[in-house]
Amino acid sequence: MSDTPGDGKKRLWVVEGEGGYVAVAGPQGEWMGFARAAERALVEGAGEGRGMESLAARGMAHEGMRRLGMGGDGAILREGRAPVWPEGVVGSLSHASGRRGHEGWAAAAVGRAGEIKGIGIDLEWVGRVGERLWGKVFNERERAALEALPEGEWRELAAGIGFSAKESFFKLFHPLTGRWAEFHDATVAPREDGRFVLECTAELPGIPGRLEGRWWVPEEGLVLCLLALGA
Ligand SMILES: CC(C)(COP(=O)(O)OP(=O)(O)OC[C@H]1O[C@@H](n2cnc3c(N)ncnc32)[C@H](O)[C@@H]1OP(=O)(O)O)[C@@H](O)C(=O)NCCC(=O)NCCS
């Protein structure tokens, strides 16, 4: 695993996974122009903000594919809400709108289908996952663990990681299984060393009940979670 946060001119944050995948993230504005024509057609009518965010995430996914030497000119389309990837590519997208003096960010994770079975990436502003949301997102075990932490930065971040890890898990398992899991079916245990463990009790064929993922803070107040499942 080589982490290369910050990539010279374009403020691109990059992680190259050993298992044949790349994750990239950065401010949205620099990446919208890299989207394909078919992708621009796809977001027409989506509303200025949301459409542009989708294009930025796609622009980054193309950069990730370029780094893996794959993807060519293929566009990332949609079926329902889920992304449809060019032949041979497994991937995931996320975007977080700008807020309180922070630019919006986007992220993409892409892998080679022969090496990666599923992948999920998610960006969240940490402050969004305040205590009023804990009952909806976290099960009893998770709430007890969060409540046992002293109030402060790590507790807030741990809640952000817990939520973002579940969203990235959904992006990994849903395209593979077509199944649904409730937030309370998954238990996330964030660790301060940049990793988390996610355990899920829902019936998800082909998905292990326990996965280990990674998290980063690529920009103040923003958390990025990543889960990859080898083929
Ligand atoms: C789908 C969902 C995960 C998207 O997350 P979000 O924080 O709203 O938005 P993000 O910007 O991070 O991600 C948006 C991207 O998710 C992707 N996405 C949407 N549905 C998806 C699906 N079924 N499978 C995989 N990816 C999906 C799309 O690529 C989308 O980007 P696009 O609209 O530009 O194409 C979220 O809206 C949702 O439905 N969550 C509830 C499901 C869940 O988490 N259950 C608990 C599991 S333990």
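Helices (H or I, at least four residues) and strands (E, at least two) are taken here as DSSP runs and numbered from the N terminus. The structure is a predicted model, for which local features require pLDDT of at least 70 and side-chain atom pairs count only at pLDDT 80 or more, whereas totals for chains, interfaces and linings use all residues. Residue numbers start from 1 along each chain as its sequence is written.

By this assignment the protein contains five helices and 12 strands. Its C-alpha atoms fill a box of roughly 50 × 40 × 35 Å along the principal axes. The radius of gyration, taken over C-alpha atoms, can be set against a globule rule of 2.2 Å times the number of residues to the power 0.38; for 231 residues a compact globule would have a value near 17 Å, and the 17 Å of the protein agrees. A residue is termed buried if 20 or more other C-beta atoms, placed from the backbone, lie within 10 Å of its own, exposed if 12 or fewer do, and partly exposed in between; buried residues make up 40% of the 231. Two residues are in contact if their C-beta atoms, placed from the backbone, lie within 7 Å, and of the contacts with a separation of 6 or more, 63% join residues 24 or more positions apart.

The expected span of a helix is 1.5 Å times one less than its number of residues. For the 21 residues of α2 (residues 48–68) this gives 30 Å, in agreement with end C-alpha atoms that are 30 Å apart, and α2 is followed by G69, whose phi is positive, near 75°. The 25 residues of α5 should likewise span 36 Å, and the end C-alpha atoms of α5 are 36 Å apart, which agrees; just after α5, G178 takes a positive phi of about 70°.

The ligand is surrounded by 22 residues, of which the closest are S54, R81, A82, S94 and F170, a residue being counted as near if its C-beta atom, placed from the backbone, lies within 6 Å of the molecule. At least two residues of this shell come from each of α2, β5 (82–84), β6 (89–96), β8 (116–125) and α5 (153–177), and the largest share, seven residues, is supplied by α5. With Ala, Val, Leu, Ile, Met, Phe, Trp, Tyr, Cys and Pro taken as nonpolar, Asp, Glu, Lys and Arg as charged, and the others, Gly among them, as polar, the shell divides into 11 nonpolar, four polar and seven charged residues.

A nonpolar core is a set of buried Ala, Val, Leu, Ile, Met, Phe, Trp, Tyr and Cys residues joined through C-beta atoms within 7 Å; in the largest one, of 59 residues, A23, A25, M60, A107 and A108 touch the most other members. Beyond its neighbours within four places in sequence, A107 has contacts that include S94, I121 and L224.

Two positions in strand β8 may be described individually. D122 lies in this strand and is buried, because 28 other C-beta atoms lie within 10 Å; leaving aside neighbours within four places in sequence, D122 is in contact with S94, S164, E167, S168, K171 and C225. K117 is also found in β8 but is partly exposed, with 16 other C-beta atoms within 10 Å, and residues up to four places away aside, K117 touches L176, L229, G230 and A231.
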